[in-house]
There are 2 protein chains.
Amino acid sequence: MLATQTLPAIGIVQRTRKSPFFDATIQSGAQGFTVYNHMLMPIYYESPEADYWHLMNNVSMWDVAAERQVEITGPDAFKLVQLLTPRNLSKCKIGQCKYVPLVDENGGIINDPVLLRLAENHFWLSLADSDGLLWAKGVALGYGLDVTISEPDVSPLAIQGPKAEDVVADMFGEWIRDIRFFYFKEATLDGIPLIIARSGWSKQGGFELYLRDGKYGAELWNKVAEAGKPYGIAPGTPSGIERVESGLLSYGNDMTLENNPYEVGLGRYCDLDQPVDFIGKEALKAIKAKGVSQKLVGVEIAGERISGNSSYWPIQKDGVEIGKVTSSAYSLRYEKNLAIAMVAIEHTDLGSTFDIITPDGVRNGTVSDTPKL
Amino acid sequence: MLATQTLPAIGIVQRTRKSPFFDATIQSGAQGFTVYNHMLMPIYYESPEADYWHLMNNVSMWDVAAERQVEITGPDAFKLVQLLTPRNLSKCKIGQCKYVPLVDENGGIINDPVLLRLAENHFWLSLADSDGLLWAKGVALGYGLDVTISEPDVSPLAIQGPKAEDVVADMFGEWIRDIRFFYFKEATLDGIPLIIARSGWSKQGGFELYLRDGKYGAELWNKVAEAGKPYGIAPGTPSGIERVESGLLSYGNDMTLENNPYEVGLGRYCDLDQPVDFIGKEALKAIKAKGVSQKLVGVEIAGERISGNSSYWPIQKDGVEIGKVTSSAYSLRYEKNLAIAMVAIEHTDLGSTFDIITPDGVRNGTVSDTPKL
């Protein structure tokens with residue numbers, strides 16, 4: 001990201017939708033926003049660095065309503081969901097979340113949502129930044145499936161960090177400590193309908209509260225802020241620093257429709273032996289058999305502190321382009337520059353070195369096990 | 001839009017893609033951006049008001065690369081395109097543009113792109129802000145059509161305003177004056193591959209240059225700026241003021257998937273009698289037969305100058321909600337507040353009045369023939 005002092009302004013119109021927490025985030029000091037799934041999402045409050053330390057040391061609350069849901073119901077709902085992802089969902093329980101890359105017929109990644117199974121034939125796809133709704137609708141229509149697909153009034157609020165569980169337990173009761181990772185429970189809080197999932201886009205632990213009625217946005221936000229006070233809660237956002245340190249991928253940054261799951265380390269989610277002919281099965285078989293020509297790796301970037309890339313940084317070896325940095329940040333935890341990069345396969349061994357062409361000059365890059373991908 | 005001085009910052013990462021003109025727009029003084037089709041798009045330079053007058057009095061150049069193209073080729077390309085829109089394309093010529101609302105099986109509007117026919121089975125859909133690519137891909141896959149669908153390296157640059165034609169004629173030759181409205185020609189400019197269309201998102205006349213190779217972004221931008229100098233060209237953007245005055249609709253603002261073409265004045269583009277069973281035909285027949293319960297109208301808002309809505313403003317009659325303002329602006333030309341609003345059908349006659357609930361208080365609204373919808 002560009003240094004905050006140089007950021008231009010963002011225009012706000014109806015089209016850049018506001019989350020149910022929007023007014024509360026402004027009142028809490030949100031200073032910057034992005035647009036994600038046609039919705040404004042805060043990107044920092046105090047500063048990206050200060051927000052990071054709140055997440056790492058205590059607990060942080062995030063408006064991630066922009067993770068819009070695709071709700072799929074109807075007799076063919078399971079059939080459609082299994083058609084959309086290479087992941088084998090035959091053992092997916094009601095009350096379980098699954099990370100499900102969606103791919104097209106060529107194996108190109110459409111989106112990488114988290115699936116929530118609410119009932120036998122009732123699912124949510126909690127989207128990354130692309131209109132997975134339109135893809136699901138188009139496929140369902142063409143295949144003649146008996147499903148209803150819509151964007152429900154559901155807005156996640158994430159509570160992340162080492163003290164997140166204490167905050168959520170104080171709000172809902174000790175029973176929430178028994179929710180396993182990537183499972184969820186339905187609950188209400190003073191009449192506010194919610195789903196409580198142990199999930200979230202950090203590796204610091206925590207929960208996502210899926211608000212099921214937008215009119216309670218401010219009320220829920222304030223209740224979380226109040227419950228978090230004893231634990232030093234602060235408003236925050238998905239952290240570009242923490243997620244690079246932790247090797248969490250971002251759709252649109254680290255992968256696009258141009259990439260297949262094997263290039264981006266998601267091959268482990270592709271079950272090519274399952275009986276179902278999910279979309280892209282033949283393409284993925286061919287890709288796997290042939291092997292990939294490039295893949296994502298963790299990279300350490302030498303030299304002084306970087307600001308992080310705001311577009312791809314080319315990677316060269318002996319003057320020849322061999323890849324690009326997709327995401328990067330100065331790691332406050334490891335006190336070095338870290339990156340995620342897509343690199344030609346012959347340069348992906350641990351310790352491989354190359355040149356990274358940043359706007360401020362050439363830096364040395366080394367394939368590293370931090371971030372771990 | 002919020003007053004510019006109160007706008008928060010926008011985050012810039014790879015995911016918020018940069019247009020080929022991005023660096024040039026920054027150098028030209030772009031101060032604010034939105035995200036449109038996952039790409040940064042400038043929203044103002046000097047000020048929305050100053051930019052407006054450049055457009056109205058002289059000529060304005062816009063980075064509208066965020067109007068991303070869906071390229072559809074292959075033996076079934078025409079078949080797919082006709083499936084996607086209720087508009088009858090049987091007479092669409094090569095070299096012609098057509099405004100083609102895309103609807104789903106319920107008649108809900110997916111996007112409202114401009115179609116360009118480059119060859120018998122070669123089309124571009126120049127998108128509004130939704131992933132029409134994913135919808136087209138999903139439909140094509142499900143229907144088993146033999147097409148290739150992709151986002152090509154194509155980036156429109158609009159030249160709009162009363163002196164636009166002179167600028168484009170100076171650049172390409174007098175022959176461009178013969179291009180009719182919503183027709184286009186292929187051309188090159190010092191080796192830069194382009195399509196020149198007489199089109200654009202204003203009613204001040206002009207052209208869109210579809211750049212067909214992003215590496216020439218800065219060069220094309222500078223050539224237009226240079227050619228426009230004698231005519232007082234200024235960098236600008238699609239104008240929220242002009243388009244409300246002119247009654248040009250904006251997808252995501254004035255219509256969404258929740259709306260059908262008859263509600264938003266696009267019924268004239270729906271040919272329900274054509275032999276092709278396009279998607280949504282039965283639904284649109286039922287909607288048309290029943291009549292709509294709400295529709296978009298032009299509205300005049302009483303009282304002092306408004307800033308324009310940044311989200312829907314509720315509309316009430318005798319305390320009962322009967323609609324919402326979808327877009328609005330203070331009209332510099334007519335020197336009054338104008339709006340586009342979705343209103344219950346029984347309150348849509350010219351001269352109907354109601355209350356508009358703005359964040360700053362209640363205003364009187366009157367259905368008006370300006371803007372004309």
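Analyst: Two residues are in contact if their C-beta atoms, placed from the backbone, lie within 7 Å. In chain A, 67% of the contacts with a separation of 6 or more join residues 24 or more positions apart. This is a predicted model, in which local features need pLDDT of at least 70 and side-chain atom pairs count only at pLDDT 80 or more, while totals for chains, interfaces and linings use all residues. Residues are numbered from 1 along each chain as its sequence is written, with chains lettered from A and ligands numbered from 1 in the order in which they are written.

User: How many helices and strands does chain A have?

Analyst: Helices (H or I, at least four residues) and strands (E, at least two) are DSSP runs, numbered from the N terminus. Chain A has eight helices and 22 strands. Its C-alpha trace spans about 65 × 50 × 40 Å along the principal axes.

User: In what order do the strands of the open sheet in chain A stand?

Analyst: Strands of a sheet pair through backbone hydrogen bonds, either parallel or antiparallel. Two strands count as paired if DSSP finds at least two bridges between them. In chain A, six strands form an open sheet of mixed pairing, in the order β13-β14-β15-β12-β4-β16. β13 (184-189) and β16 (233-236) of chain A are at the edges with a single partner strand each, so one side of each has no neighbour in the sheet. Within this sheet, β4 (residues 59-63) and β12 (residues 155-160) of chain A run antiparallel and are joined by four bridges; Ser60(A) has Gln160(A) in β12(A) as its bridge partner.

User: At what angle do helices α3 and α4 of chain B pack?

Analyst: Two packed helices are described by the angle between their axes and the distance between the axes. Axes are lines fitted to C-alpha atoms, for helices over the stretch in contact, and angles run from 0 to 180 degrees between N-to-C directions. Helix α3 (residues 77-84) and helix α4 (residues 132-143) of chain B pack at about 115 degrees, with axes 11 Å apart. Leu80(B), Leu83(B) and Leu84(B) of α3(B) make the contact with Ala136(B), Val139(B) and Ala140(B) of α4(B).

User: Which element gives the most to the side of chain A that touches chain B?

Analyst: In this model, 45 residues of chain A are in contact with 45 residues of chain B. On the side of chain A that touches chain B, α4(A) gives the most, with eight residues.
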